[in-house]
Amino acid sequence: MSDSLRGRFAAASVTLVLLGQAALAQLTVVSIDPPINAVNRPPNASIVIDFDRAVSAATLSEVEFYGNNSGRIAGTLALENADRRLRFTPARPYFAGEKICTSMSHDLRASDGTFLRQAGYTACFRVKASPASMTFTNIGSWFTDPGNFTRIYGGQMCDFNGDDYIDMAAVSEVSADVRMFRNLADGTGSFEHVPSNIVGVDNEPSPNENADLNGDQWIDMVTCNGNGGSVSVLLGNGPATFAPSVSYPMALYPHGLALLDCDGDGDIDIVTANTGSSNLTLRKNNGDGTFGPITSFEGGGDGEYSLAAEDMNNDGIVDLVCGLRFSQLFVVHRGNGDGTFTPQPSQSAGGQTWMIACGDIDGDGKVDVSSANSFSSSGSILRGNGNGTLQAPQVVPTGGHTNATDIADLDGDGDLDWVLSSFGAQEWRLYRNDAGVFNLVTSFPSNANPACASLADIDNDGDIDMIFWTETSDEIITMENGALDSATYCYGTAVSCPCANAGLAGHGCEHSFAIGGGLLNAQGRASVANDSVALVAGGLPPTASTLFFQGDGQVAGGAGQAFGDGLRCAGGAVIRLGTRSAVNGYVGYGAGQVGDVPVSIRGAVPPSGATRFYQGWYRNAASFCSASTFNLTNGVRVTWTP
């Protein structure tokens, strides 16, 4: 062998040794299911993570699960496959359409003593929404503070009190506060009209996000305060309440807001886009919901105004997408996992970007960007390339100052539809996603100027509803997707349950797994001629055998009577619909369930329509409350039309 070859062989050997040492130096994620940025996953999906070596059970607290509607998600973690596989089983189903994120900090350790990479690992996916007509009915409206102008600017749609129904926290600019309106938890999508909690924040709050900032399991909020030059942190301190806010100076006129773990320590940090100082500002979480000193860095142009946190290159590290209003550009800042970011080549925004919303528009596993382009009177869609760069914008005109963009699968066909809020044109515009092409479906006129829309399943029927926030009249409008066919009744209260084993609001009586009791809702359209109804129950024991049954009357006028560990609610002439076994505490009967006879046929609902009552009876093997080993969900009242 020549000296030259010997030298190259020796160098190669050294390289292989170093690579081998590097591989041994850290615990590595081999795969995760659902994959990063996956879409249309079932509401009871387990999360399975495979590693290159055995994981230490003592450090599983470094793995967390969070939903943008659910908040911190409860469930069980189990090690499998010689401790190289981690499986998370949710205790209760996720909300339709919500974004679920798995976060692993760099303190997650392998059994051999090595740790996960310094950047940690974050992976998010979206939950499937049920098919829907994409026709909307106004089911309620009210004002934040009748007689006083608060200037509403949207808010957060979250299950703030943990009862499996989505509540709302409205943000107002002039009154500088956050107001909590709780869901009535009766399956109708109705809310209380008087706020149960009002918390003041700094001057002119606008953009807002939610997270668990201090690890106490309650949902927290952050508002970005333009004239205050700050962010306000509202820590949840109980069901649907916040502690007094704490404000932190950022820079000049912050308008964009992003929450993310930028340094892999498992804590959620805050970044703002500051149009007045034309930069980005970071404050790192101290680990307890308080925040450290400012770090500022260049945003990539003039007038940093909109901001979002997404994984734009599928590497398990969250990046920043920054919209530059005056430069009319987008710049993706790839996260380095150590609290710093690397800007990627800029792309035209298609107008003066004001707000952005991100998601996989075309189902290719890459995050795309939607933009509301303010005084350019337009909206735009930019496809992601999957490497941190964006394609040229597709622009649609709107006819007026366009201040908000929101995306969700409103027709349940598997792709994300689009809502643009036009302050100047006094309307909300709904676009259907048809194979990546957006077509205007309808516009919803307003007597005032829209602030934005929120898209969430407020009535637990599995499809996505709309909430309209009206900036200059302070009106909140709830729009139900499709027809309202059902409502829940007969709840497991401490007074009515056999052993004072109360469930959560709107649920049946509690069972031995202590997760709030079984919750039954109806999905789909209750038309005898075109039956798309499914009965779905969550919050059950993980594999509970569940019998769905129908009655033509209500027991005790709807109050129910003690039966086993629960309440019997549906009565009269009873028909058994079918028995199914729960998976991860979730089970359904009817439309969408393979082999199920339609509910109207199995229940012999007359062609002219009728009102029928439904309930789920399930096994609860433990001797929990009474001597019986069974329980029941709440009841559901369904009004069938011809």
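A: In this predicted model, Cys-497 and Cys-509 form a disulfide with their sulfur atoms 2.1 Å apart, and the torsion about that S-S bond is about -100°, so the disulfide is left-handed. Both Cys-497 and Cys-509 lie in the loop between S43 and S44, so the pair ties together parts that are 12 residues apart in sequence; Cys-497 is buried, as is Cys-509.

Cys-490 and Cys-569 form another disulfide, with a sulfur separation of 2.0 Å, and here a torsion of about -75° makes the bond left-handed. This pair links distant parts of the chain, 79 residues apart, since Cys-490 sits in the loop between strand S43 (486–489) and strand S44 (519–523), while Cys-569 sits in the loop between strand S49 (566–568) and strand S50 (570–571). Cys-490 counts as buried at 6% relative accessibility, and Cys-569 is buried at 0%.

Cys-101 and Cys-124 are also bonded, their sulfur atoms 2.0 Å apart, but the torsion about their S-S bond is about 105°, so this disulfide is right-handed. Because Cys-101 lies in strand S9 (residues 99–104) and Cys-124 in strand S11 (residues 121–127), the pair ties together parts 23 residues apart in sequence; Cys-124, at 13% relative accessibility, counts as buried.

The structure holds four disulfides, and with the bonded cysteines numbered in sequence order the pairing is 1-2, 3-7, 4-6, 5-8. Cys-158 is in no disulfide, the nearest cysteine sulfur, that of Cys-101, being 13 Å away, and Cys-158 is buried at 0% relative accessibility. The sulfur of Cys-452 is 13 Å from the closest cysteine sulfur, in Cys-158, which is too far for a bond, and Cys-452 is buried with a relative accessible area of 11%.

Note on methods: Residues numbered from 1 in each chain as written. Predicted model: local features only at pLDDT ≥ 70, side-chain atom pairs only at ≥ 80, totals over all residues. Heavy atoms only, no water. Disulfide = S-S within 2.5 Å. Helix = DSSP H or I, 4+ residues; strand = E, 2+ residues; numbered from the N terminus. Buried < 20%, exposed > 50% of the residue type's maximum accessible area, 1.4 Å probe, protein only.
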